[in-house]
Amino acid sequence: MEATKYTISMLVEDKAGVLNRVASLFRRRGFNIQSLAVGGSEQLGLSRMTVVVLADPAQVEQVRKQLDKLINVVKVVDLTNDDMVARELALIKVAATSSTRSEIMQIVDIFRANIVDVGSDSLMVEVTGDEEKVNSLFELLRRFGIKEVVRTGRVALTRGAVATRTDNKKKGG
Amino acid sequence: MKKTGAQILCESLVKEGVEVIFGILGGAILPIYDTLSQYPQLRHILVRHEQGAAHAADAYARVTHKVGVCMATSGPGAANLVTGIANAYMDSSPVVAITGQVARPFIGRDAFQETDITGITLPITKHNYLISSAGELAETVKEAFYIARTGRSGPVHIDIPRDVQTEEAEFVYPAKVNLPGYKPVFQGHPAQIRKAARLINSAKQPLIIAGRGVIMSQAYAELRELAEKAQIPVVNTLLGLSSFPRNHVLSFGMIGMHGMAYANMAVQDTDLIISIGMRFDDRATAITGEFAPKARIIHIDIDPAEIGKNVRVDVPIVGDVKNVLGVLNKEVNVNTHSEWLATLNKWQGEHPSLEIREGEEVLPQYIIRQIYEATQGDALVVTGVGQNQMWAAQYFPFIKPDSFVSSGGLGTMGFELPAAMGAKVGRPDEMVWCVAGDGGFQMTIQELATIAAENIGVKIAIINNGYLGMVRQWQELFYERRYAHTKLWNPDFLKVAEAYEIPAVRVRRRDEVVSAIYKAMDYDGPFLIDFVVEPEEGVYPMVPPGKSLSETMELPKPKKVSKRKPKTLARS
């Protein structure tokens, strides 16, 4: 079975060691994490994690069920086939001279990205979008000389009605 | 009212109905032990090694269907529990392990006897806790016991820093738990159950594979009703032994690597498997690619993550076995399956799989059969791991519900002695036979002291072949009889027993076996028998590793006639 990228969204209790439990599970079961993003959710005491895994369909079902077995994981949803909005954010520090600066700024404009810091020989670009958008901007800026990059990993939500709520939860084990 | 952390723990254990704790103390758990002595309703059994505490609590939990409790100090004490916790995890045994930790200000500073034990037990527990204040202790104990015993049961670990044990907090035992992320499913989905019933009603050659889930859910009557109503033959996994009486006409014994040939044949020929409370372990299925090639599979299990994990499943039913079978039985039609049963009986006649050779030598198979005869099956059999375990599984026909305790998933040598101890403490009125290997016995031999000190009346049968026998058998079959490091130098087990003040006899001839067994049973207290058996006896049938159940070898390969001593680097 061919491995594809799956986007899994989780609500987890905001308790010490939860990230460790999730990461440990991936390691132990031999699942492959592409990216992982964690932050607060709309509910007090719960955080939302977005994990991108490289897996085949049978594996991703196992991932989902094994994550659901963790006591501190309140809800797990596979968003891959849902109508979702997926974004990541990148900060790109690119080398800039007086002769290249305006060209860089034009590219940044086209991507609706922002210059968030200006140095004597560099610019810091902040870009938000799906992975492809971030990748293409990165490729375009590469020829100017990229000094440093940091990317958040994917965060995602389904469009319309809320999917990752804590109700209707069914789990066992 | 304010109480110390140690008092809160003890009060909470009392509230949870704990009667026995297996443990051994040290610096970081001293405040708890100091308080424990003020709670006489909590019987503490002092073991001689923490692994023994965990195995004893595990076996106690299995035979009582209550939560077993073990306790240890920080660092090495906690680390020594690990094998036992892993064992309980693999076999879904409800155990709460409590460890002392260095005081909070010392955590993370590599203090004396500090170890990150919650980090270590994370992947081998259902859940674990590092307590940060006395105020959260009561709630945590409540949660730990609830998580351990509900759903797919399993071990839960609580790590308590020393200064939390002396810290004071208000004690209120919560009435219920608040676990938004934990909602086990108990009732099977009605539509799935109907689907399963339709498959069962139309199957020509159905087969039930009953696992330990039947025992954990105490669904013996429901299983029997299903089998009898629709006349469906029943086979068992290793840990499913004693879920269905072996003397029942519908019982066809154990499947798997050392299963009965006819049971394995049934699996390979059936058109519908009804697997109940089992997880398709590789020792039961052999290679999964060729497992039950003609069968559709109904899988009843309480853990949704087990569905489809190892084999494809046609109708999954997530729920408690007893509940699911209760509903399913109503929808299953009366049936006869006489042709299918006749086929299985014919196979059983042609491939008896069990054979005890005539002769003078002491054969392990004969010993097990004689223990059965002497007890008439009215005994709890606790085994080690390896040949002794397989012979016990094969040659003791388990007719009494819930009478077999063994380390299945982890395969922990040394489980037998402390587990037998825990089982006897759990069911003091029953005859408990500990079937040990001479190798495994020495891995936890120190618990003889606990057994002697507490006068725990287990009957110990050492199947002493002077080898790490199962490994030797693999070397014989797959490594051209190169017996690297499997030959054992053993102490004189009678002298060992004598040192521990446990009466013992040695058996070297077959005609001494029965009288030794009766001598052990007649003695009021622990007793040890050193059975010196045929050293190179093998366990058969056997499915070679990497093969399918269709390739079950029934009888030992004829041994090459060789007078040469097997090569070995070990002492002889």
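**Helix packing and chain contact in a predicted model**

In this predicted model, the axes of helix 1 (residues 5-15) of chain B and helix 6 (residues 137-149) of chain B come within 9 Å and cross at roughly 30 degrees.

Trainee: In which hand does helix 1 of chain B pass helix 6 of chain B?

Mentor: The axes of these two helices of chain B cross at roughly 30 degrees. The crossing of helix 1 of chain B with helix 6 of chain B is right-handed.

Trainee: How many nonpolar residues has the contact of helix 1 of chain B with helix 6 of chain B?

Mentor: Helix 1 of chain B contributes G5(B), I8(B), L9(B), S12(B) and L13(B). Helix 6 of chain B contributes L137(B), A138(B), V141(B) and K142(B). By class, the contact has 1 charged residue, 2 polar and 6 nonpolar.

Trainee: Which element supplies the largest share of the side of chain A that touches chain B?

Mentor: In chain A, 21 residues are in contact with 20 residues of chain B. Helix 1 (18-28), helix 2 (57-69) and strand 4 (73-78) of chain A each supply at least two residues of that side. The largest share, 6 residues, comes from helix 2 of chain A.

Trainee: How many charged residues has the side of chain A that touches chain B?

Mentor: That side of chain A includes 4 nonpolar and 8 polar residues. Its charged residues number 9.

Trainee: How many strands does chain A have?

Mentor: From the N terminus, the elements of chain A run β-α-β-β-α-β-β-α-β-β-α-β-β. The secondary structure of chain A comprises 4 helices, and its strands number 9.

Definitions and conventions: Residues are numbered from 1 along each chain as its sequence is written. Chains are lettered from A and ligands numbered from 1 in the order in which they are written. This is a predicted model: local features need pLDDT of at least 70, side-chain atom pairs count only at pLDDT 80 or more; totals for chains, interfaces and linings use all residues. Two residues are in contact if their C-beta atoms, placed from the backbone, lie within 7 Å. Ala, Val, Leu, Ile, Met, Phe, Trp, Tyr, Cys and Pro count as nonpolar, Asp, Glu, Lys and Arg as charged, and the others, Gly among them, as polar. Axes are lines fitted to C-alpha atoms, for helices over the stretch in contact, and angles run from 0 to 180 degrees between N-to-C directions. A crossing is left-handed if the near helix is turned anticlockwise from the far one by less than a right angle, and right-handed if clockwise.
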